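Please open the model in your viewer and keep the selection tool at hand, as this tour moves from one selection to the next.

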Amino acid sequence: MSGEEAPTQHQEPEQQQQQQHDEPPPAAAAAPQEPDSSSPAAEEKPLSFRALVLTGYGGYDKVKLQVKTVKKQQLQPGEVLVRVKACGLNFAELLARQGLYDFMPAPPVTMGMEGSGVIEAVAEDVKDRIVGDRVIVMSRGMWQEVVEVPANRTFLMPETMSFEEGAALPINYLTAYMMLFDMANVRPGKSVLIHMAAGGVGIAATQLCQTVPDVTVFGTASASKHETIAQGGVTHPIDYRTKDYVEEIRKISPKGVDIVLDPLAGSDTQKGFSLLKPLGTIIVFGAANSVTGQKKNLFAMAKTWYNQLSLSTLKLMQSNKAVCGFHLGNIGDEQLIDRTMTTLLELYRQGKIKPHIDSRYHFEEVADAMRRMHERQNIGKVILLPEPKKEEEKPASSPEPEEKVEKTEPAVNEEKKEATEEVKEEKD
């Protein structure tokens, strides 16, 4: 059930569901070779679960809620089976939906990179995890009700941590911690500019800055979010929509800042570089400026590329500044990830960090969740809940969520065909 295998797994359940729809119950219950009913294979019931699948590139409607059915198989060595309770939504998923995230396999593919849940089964050789353990999970294909993952990609949750907090912690806090401490080497007395300070990484970075004495934090966010981010530790909130943040920072700190965390790219990277003090560091870890609508915007991408910072090594030497890039998906050092997660979980236990949950959406509401993040309405982490939405929670006038879940096989095949055609068109 890992993300890498999702496209292949996706086919088997649909074929099995088709047989269940087309054949009468007696025939469907019997295998072609009519095995002995006392055999383990005959007694084992198939496993059905809901999953959010990217069926093609484009708008919110390309992420479909589907029911997968697979044969129960013995776990591979080193694996555990986890019942997922909460999943994190990241900006990378917005990019992936538009076909702008190279690390996501081609559609159809189950989305998601982080989550939390309860272990329901362990392979025989797994000794450090047991059934019932509450764990954080980092793996591709997390947006589904159950996942099979390597045990070493799970992390035991503190007793006081909620499943939602567990799902909110890995991507945002690993990113923020590694940028601040491993790359920028933040120290007492330094100043940091955090763009999108009300987002998941922004709030994580702000909290982590508070673990170091006398760090001044400048944070850009819309005015309606200033009270929240100021309470969270931002020293100087700046409304980037109505003010020039470069001018505002210069008024307070004429020499600029020591560290810039830049998830925007384009012209903002140039501005960030100009704000750096001597020996300062700017870290680019995103390209939010290139995402302006539901679908891929070639003009926005071209504008971001055209305005990107371009420097020679000689210029860097003369300026006494550092330009870095960070992408968590490209860090293959599992020991580094493990050490950092251990540090973060200890900081949580000490009460020094705590994920801020902005909102919760059931799988049926994934479009609303993506829209909230895309329109920059969130303050903190947006969480997806695999558990089906209760009837009383569903809008009486809108039957759409049910239509997403209860798909017939012809409908799924038709969606696949449309998705394939759209992918071909985009490639052309």
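Begin with the open sheet, where six strands lie in the order S11-S10-S9-S12-S13-S14 with parallel pairing; strands are DSSP runs of E with at least two residues, helices are runs of H or I with at least four, and both are numbered from the N terminus, while two strands pair if DSSP finds at least two bridges between them. Select residues 236–238 and 322–325 to see the edge strands S11 and S14, each of which pairs on one side only. On average, and ignoring direction, neighbouring strands of this sheet are turned by 15° against each other.

This is a predicted model, in which local features need pLDDT of at least 70 and side-chain atom pairs count only at pLDDT 80 or more, whereas totals for chains, interfaces and linings use all residues. Residues are numbered from 1 along each chain as its sequence is written, and side-chain values use heavy atoms, leaving out hydrogens and water.

Next, select residues 257–262 and 276–284, which are the parallel strands S12 and S13, joined by five bridges. Within this pair, aspartate 262 stands opposite valine 284 of S13.

Finally, colour by pLDDT, the predictor's confidence in each residue from 0 to 100: the chain averages 83, and 77% of the residues score at least 70. Over residues 1–42 the pLDDT is below 50.

Technical notes:
Axes are lines fitted to C-alpha atoms, for helices over the stretch in contact, and angles run from 0 to 180 degrees between N-to-C directions. Contact means heavy atoms within 4.5 Å.
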